[in-house]
Amino acid sequence: MGCWRAPSTVLACLLLLRPLPSPACPAACRCSSGEVDCSGHALRKVPQSLSANTSTLWLGYNFITDLGPRSFPPLPRLLRLSLPHNRLELIHSQALVGLGALQELDLSNNYLTVLTPETFLPLTSLATLNLGSNRLGELEPGVLHALPQLQALLLQDNPWVCSCDILPLWRWLSHNREKVREESLLLCRVPEQLNKYPIMSFRNESFRQCQETSLSAQHYIAFLVIGPFSFMASIVFCTFMGSIIVVYHNLRRESHFWRRPRICRGC
């Protein structure tokens with residue numbers, strides 16, 4: 001009853017009784033109970049006016065070509081991020097900062113050719129990663145080692161280059177077969193004689209030649225440095241030894257000359 005004592009008190013009561021404003025929803029999206037659906041709106045960038053309470057974000061079927069540094073606002077409760085069927089070519093190493101709670105990431109059906117380990121370092125809780133239907137010819141094992149909680153990995157329909165460079169990835173896949181989904185669709189594209197050959201059908205013997213002859217870039221650099229240095233050192237050494245021999249012979253010749261018996265004219 002005290003709320004009706006004065007106009008100012010009435011106004012204060014009305015403000016208290018008014019429901020709190022809901023977090024803003026991006027104009028091109030539909031929002032409901034922590035789920036934000038921005039699919040199929042020809043977006044070229046990730047919307048920034050996202051609620052910190054967002055738990056699921058759908059961004060599929062848009063025109064996003066790259067994810068630059070900190071492409072997402074801080075979303076500490078985001079569990080699922082879906083970006084399939086965009087035009088993604090590049091993901092910056094700092095693009096996913098602030099998404100530490102993320103558990104599922106779908107990057108399928110894009111144009112990705114290279115991924116670096118730093119890209120996924122912020123995703124310490126990621127359990128499912130879909131990289132299917134991209135343009136990946138190889139994948140550094142460090143990319144997968146950066147995901148300690150990874151339980152499901154999809155890599156199908158990529159143009160894998162089955163050369164010696166794929167050996168580290170094959171080893172990871174062989175030791176984590178329970179995490180690899182659709183492994184029968186992991187097929188070689190290059191070289192031509194291995195086109196459509198299943199990567200998981202390789203055996204350790206298949207890479208024997210790579211293990212015996214493969215040299216790292218450090219080895220080649222060492223050869224380039226040591227080779228010319230050794231050549232110059234050998235020239236200097238030979239010149240030095242030649243000079244010593246010449247001096248030795250000259251000294252020996254002079255010593256022999258002074259030791260020869262002299263002829264006495266009066267004898």
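Predicted model: local features only at pLDDT ≥ 70, side-chain atom pairs only at ≥ 80, totals over all residues.
D37 sits in strand β2, which spans residues 35-37. Its relative accessibility is 18%, so D37 counts as buried, the limit being under 20%. The side chain of D37 makes a polar contact of 2.9 Å with that of S39. Leaving aside residues up to four places away in sequence, D37 touches A28, C29, R30 and W58. Over residues 24-56, the chain is 21% strand and 0% helix. The end C-alpha atoms of that stretch lie 15 Å apart.

Four salt bridges are found in the whole structure. One of them pairs K45 with D66, with 3.9 Å between the closest N and O atoms. This pair links distant parts of the chain, 21 residues apart. K45 belongs to the loop between β2 and β3, whereas D66 belongs to strand β4 (residues 66-67). K45 is exposed, at a relative accessible area of 53%. D66 is partly exposed, at 28% relative accessibility.

R80 and E104 form another salt bridge, their closest N and O atoms being 3.4 Å apart. R80 is in strand β5 (residues 80-82) and E104 in strand β7 (residues 104-106), so this bridge ties together parts 24 residues apart in sequence. R80 is partly exposed, with a relative accessible area of 32%. E104 is also partly exposed, at 29%.

A salt bridge also joins the side chains of R177 and E183, at 2.8 Å from N to O. R177 has 37% relative accessibility and counts as partly exposed. E183 is partly exposed at 24%.

Notes
Residues numbered from 1 in each chain as written. Heavy atoms only, no water. Helix = DSSP H or I, 4+ residues; strand = E, 2+ residues; numbered from the N terminus. Buried < 20%, exposed > 50% of the residue type's maximum accessible area, 1.4 Å probe, protein only. Polar contact = N/O pair within 3.5 Å; in protein donor to acceptor, adjacent residues only side chain to side chain. Contact = heavy atoms within 4.5 Å.
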